[in-house]
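Me: I'm new to reading strands and their neighbours. Can you walk me through one?

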Amino acid sequence: MDIDLFDFELPKELIAQEPISERSSSRLLLVNKRSKTYQDKIFKDIVDYLKPGDVLVRNNTKVLPVRLFGTKVDTGARVEILLLKNCHDNIWECLVGNAKVVKNNTVISFAHSSMTAKCIEKKEEGICLFEFSYVGLFLEELEKIGEMPLPPYIHKKLTNSDRYQTVYASIIGSAAAPTAGFHFTQELFDQLTKKGVEILDITLHIGLGTFKPVKESTIEDHQMHSEYYEISEEVANKLNAAKKEKRRIIAVGTTSTRTLEANYKKYGCFKAACENTNIFIYPGYSFSAIDALITNFHLPKSTLIMLVSAFMGIDLTMKAYRHAIKEKYRFFSFGDAMFIYDE
């Protein structure tokens, strides 16, 4: 499948550089897969389109301030490091901004911190393994020196780091936020619960797959990196009950979707698990776990727009994106949302 099928032109002014003042006041494009129609709404209107018995599944991962700026101990050269995954103990897989200056055994120090990082292995595409040394607690040191890992298309400094977290973020370990959840407030969740919507939490710690562009012209040749996820036994049982009772399972975001689909495909039902997945969802994929999807507007040629296209069809996806551009929706992480359903 040609990657150009997932390309589109986006005016730069539609790339949201900061979150809007009220989370639930973002815009919402309702897309009905069955009728192939869409409507312009405000996100808080989503309460009207979820039904008693629906199950809303959200990714409760919490973003670490994993963007670090340090200097090489021997030369003073400036180095940017993005922590992606904790391999074990104090060893992290990292993406290095200027990887050419980092060699095996390079040591990096960080201002106003006891922390240092030693490169113990260089890999491809700017990936290195670093062993961190510090005094005290790792997370406390990270809070002192780290910044939120905003995507490269966001050039404006984030004044409130809480806005790059969902209001339900609780399990620390992600290198990026599950941005479809940004639109929800606790008030919205209270309204949905009162209406009879069941809200369940799963965890997927977002890693390199989010940052790695698709370089292959044929998308089937793209390799997804694995990411760690958790589904508890209680949540698995509730999801299986919803399936049995034919209640809708609605994923908040592509990360929740990948978690649910990977788990269901592997076991033939929902099963408690703490494991990794590298599932790559693109058109031709047959969905088994979810019935509806809440998601943001994604980058051209990204694995995320491929997942959305798999769920609602390439033609309808591109038609909806063209409509969003015409109506000046805000795109990407701090942008607006879609709710894709078929009933």
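Me: Which way do β3 and strand β12 run, and how many bridges join them?

Reply: Keep in mind that this is a predicted model. Here β3 runs parallel to β12 (residues 198-204), with 5 bridges joining the two.

Me: Which way do the residues of β3 point?

Reply: General idea to begin with: in a regular strand, side chains alternate between the two faces of the sheet. In this case, Val55, Val57 and Asn59 point one way, while Leu56 and Arg58 point the other way.

Me: Is β3 enclosed or open?

Reply: The cut-off for buried is under 20% relative accessible area. In β3, 5 of the 5 residues are buried, so the strand is largely enclosed by the rest of the structure.

Me: Let's zoom in on one residue. What does the side chain of asparagine 59 reach?

Reply: Asparagine 59 sits in β3, and it counts as buried because its relative accessibility is 1%. Its side chain reaches the backbone nitrogen of leucine 204 at 2.9 Å. A polar atom of that side chain also lies 3.2 Å from the backbone nitrogen of threonine 61.

Terms used
Residues are numbered from 1 along each chain as its sequence is written. This is a predicted model: local features need pLDDT of at least 70, side-chain atom pairs count only at pLDDT 80 or more; totals for chains, interfaces and linings use all residues. Side-chain values use heavy atoms; hydrogens and water are left out. Helices (H or I, at least four residues) and strands (E, at least two) are DSSP runs, numbered from the N terminus. Buried means under 20% relative accessible area, exposed over 50%, partly exposed in between (1.4 Å probe, protein chains only). A polar contact is a pair of N or O atoms within 3.5 Å; within protein, one must be able to donate a hydrogen and the other to accept it, and residues adjacent in sequence count only if both atoms are side-chain atoms. Two strands pair if DSSP finds at least two bridges between them.
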